[in-house]
Amino acid sequence: MTNENATVIVGFDALDFKYLDEFADSLPNFSALRDEGVEAPLESTFPPWTGSAWPSMYTGTDPSHHGVYGFFHNDDDYPDQDELVTRNRVRSPAIWNYLAARGEPTVTLNVPVTHPAEPVEGVLVPGYLAHEDDAGYPEEIRDEISEAIGEEYTIYSRGETSDDKAEKLAGYLDLVEIRGKAAEHLLETHDWTVAFVQIQKTDAVFHNFDEANEFRQVYERADEVLGRVMEIAGDDTNVVVCSDHGIGPVDGYTVYLNEILRQAGFVETTTEANKPSLGSEKAVLTGEAEAGGNGGTTEAGATMTGRAVSAATSALGRVGVTPGDAYALACRVGVDDFLTSVLPDAALSAASDGVDWENSKAYGRTAELGVRVNLEGREPHGIVAPEEYETVREDLIETLSAVRTPDGEPAFDWVCKREAVYDGPFTERACDVLFMPKDMNHVLSPSLVGQRFAPIRDHDHKLHGAFVGAGPAFSGRNPEALSLTDVSPIAMAAAGLDVPARMTGTVPEGLLKESVSIADYGDVPYGTETDTSDDDGSVEERLSDLGYI
């Protein structure tokens with residue numbers, strides 16, 4: 001049940017115009033919305049990963065203003081321990097918090113990094129990274145949805161961590177349908193001025209499948225969800241479609257960042273266990289015991305082949321042959337593509353030396369697109385003196401800027417200090433040196449394998465996603481481009497509300513028919529006093545679905 005000037009945001013993880021165009025003949029609802037409204041490439045925040053991007057969208061600020069740069073947070077009280085991020089680690093109000101401050105009702109369904117569910121004026125059901133049994137707000141809302149749709153409402157799909165591709169895809173399709181039924185129920189039975197529905201599997205399918213027909217099936221099911229929402233919304237409601245980043249083919253290289261840093265003298269190695277990786281965290285969210293899988297590289301999993309190769313490399317290690325040696329031999333005999341396909345990063349890392357985090361000057365961690373300096377006084381075992389900090393950063397920039405792929409091309413579009421990218425109060429939480437892979441056609445791995453590069457053919461994230469807006473508030477003029485942080489300001493302005501001054505995103509001039517007003521909302525409460533970040537190491541199975549493992 002909508003209020004006057006209502007706006008509904010329908011977020012699709014990794015939605016990309018490339019595939020909206022390719023599958024347009026079987027996407028009637030996306031096509032109708034695009035024909036009716038305005039559209040533009042939607043530039044993601046840096047880094048363009050799910051864990052930092054959706055909080056950027058729902059807060060209207062970049063990571064330096066909300067404090068989350070990826071899936072892991074380094075705890076202030078326990079700086080040598082990493083924990084999965086939660087809503088309480090996002091240090092800025094969300095769009096639903098601002099609406100609550102004005103007494104405006106909201107419906108929020110399945111948005112990543114919204115657990116534990118916080119009090120809102122309306123309904124909030126958490127999404128990705130929540131545990132499967134995490135409650136929503138109000139606490140009984142998930143039971144209400146399950147009763148209404150005639151089946152259990154779940155955050156994750158059945159067969160999500162299965163090696164059976166048919167079972168996994170069927171689970172994806174069923175879950176998207178469940179999401180559509182849940183959205184239909186909530187939008188019809190609860191009041192809302194701004195609603196936010198998110199669909200996740202439009203990303204995961206590209207990380208776990210290879211055929212265009214499989215991609216198309218998930219897009220078609222997502223189109224059905226959009227159709228349900230559009231029908232409920234009606235002609236008098238604004239509909240905004242957005243994605244946190246794009247996706248597309250990658251045929252460059254896996255860049256082993258810490259191997260580059262090791263060879264340059266920044267990284268020291270150890271045979272002891274590494275820090276937690278995204279791969280070791282995933283299955284706990286579903287309650288499944290098996291874990292397997294790294295950020296934007298290859299899908300890790302406990303497949304029989306992977307275990308066999310891992311065991312073989314471990315055996316070779318006992319007689320002095322490293323995984324790097326094995327990989328070099330594979331290249332010489334022409335089986336490197338096979339080796340890299342069956343030997344995931346987690347297995348490579350487990351069978352070789354890892355980063356000695358305490359004694360390294362600088363290192364890369366999963367999915368950060370940056371290098372951290374092991375600074376004395378900041379890191380728990382810092383070894384770089386403060387007076388050496390800038391020199392080390394400049395050396396890192398020089399080293400990485402000079403890196404060339406086996407094709408002789410620069411590995412990175414740019415390498416710079418973090419303050420060249422960020423200006424917010426949490427800039428110091430970012431990596432000390434940042435970089436962008438060349439044309440987003442390479443992926444990064446923190447593993448040490450004795451090689452700096454390995455060829456890759458896969459799908460991975462792209463910097464630009466998709467924005468489509470239609471309804472009575474839109475002027476019909478396509479903007480040249482938009483930022484992900486603009487989505488919440490646009491949605492609030494389209495609903496006739498003031499844009500919070502705290503949001504760094506803006507509403508481009510001429511996008512909406514009415515003028516946009518900005519207001520100071522004051523001290524808006526957000527988050528909860530409790531957290532649900534504890535896990536038993538099984539979260540990684542889910543993260544690998546998005547290519548982070």
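This is a predicted model: local features need pLDDT of at least 70, side-chain atom pairs count only at pLDDT 80 or more; totals for chains, interfaces and linings use all residues.
Residues are numbered from 1 along each chain as its sequence is written, and side-chain values use heavy atoms, with hydrogens and water left out.

I begin with the cores. A nonpolar core is a set of buried Ala, Val, Leu, Ile, Met, Phe, Trp, Tyr and Cys residues joined through side-chain atoms within 4.5 Å; buried means under 20% relative accessible area, with a 1.4 Å probe and protein chains only. The largest such core has 54 residues, and Ile 9, Met 57, Tyr 58, Trp 96 and Phe 467 touch the most other members. Helix α16 provides its largest share, 6 residues; helices (H or I, at least four residues) and strands (E, at least two) are DSSP runs, numbered from the N terminus. Another core, of 53 residues, lies apart from it and includes Val 8 and Leu 15.

Next, Thr 45 sits in the loop between β2 and α3. This residue is buried, at 6% relative accessible area. Its side chain makes a polar contact, at 3.4 Å, with that of Ser 56. A polar contact is a pair of N or O atoms within 3.5 Å; within protein, one must be able to donate a hydrogen and the other to accept it, and residues adjacent in sequence count only if both atoms are side-chain atoms.

Finally, strand β20 spans residues 464-470, and because 6 of its 7 residues are buried, the rest of the structure largely encloses it. Strand β20 pairs antiparallel with β2 over 6 bridges and runs antiparallel to β8, joined by 4 bridges; two strands pair if DSSP finds at least two bridges between them. Within these pairings, Glu 39 has Val 468 as its bridge partner, and Val 240 stands opposite Gly 469.

Note on methods. Buried means under 20% relative accessible area, exposed over 50%, partly exposed in between (1.4 Å probe, protein chains only).
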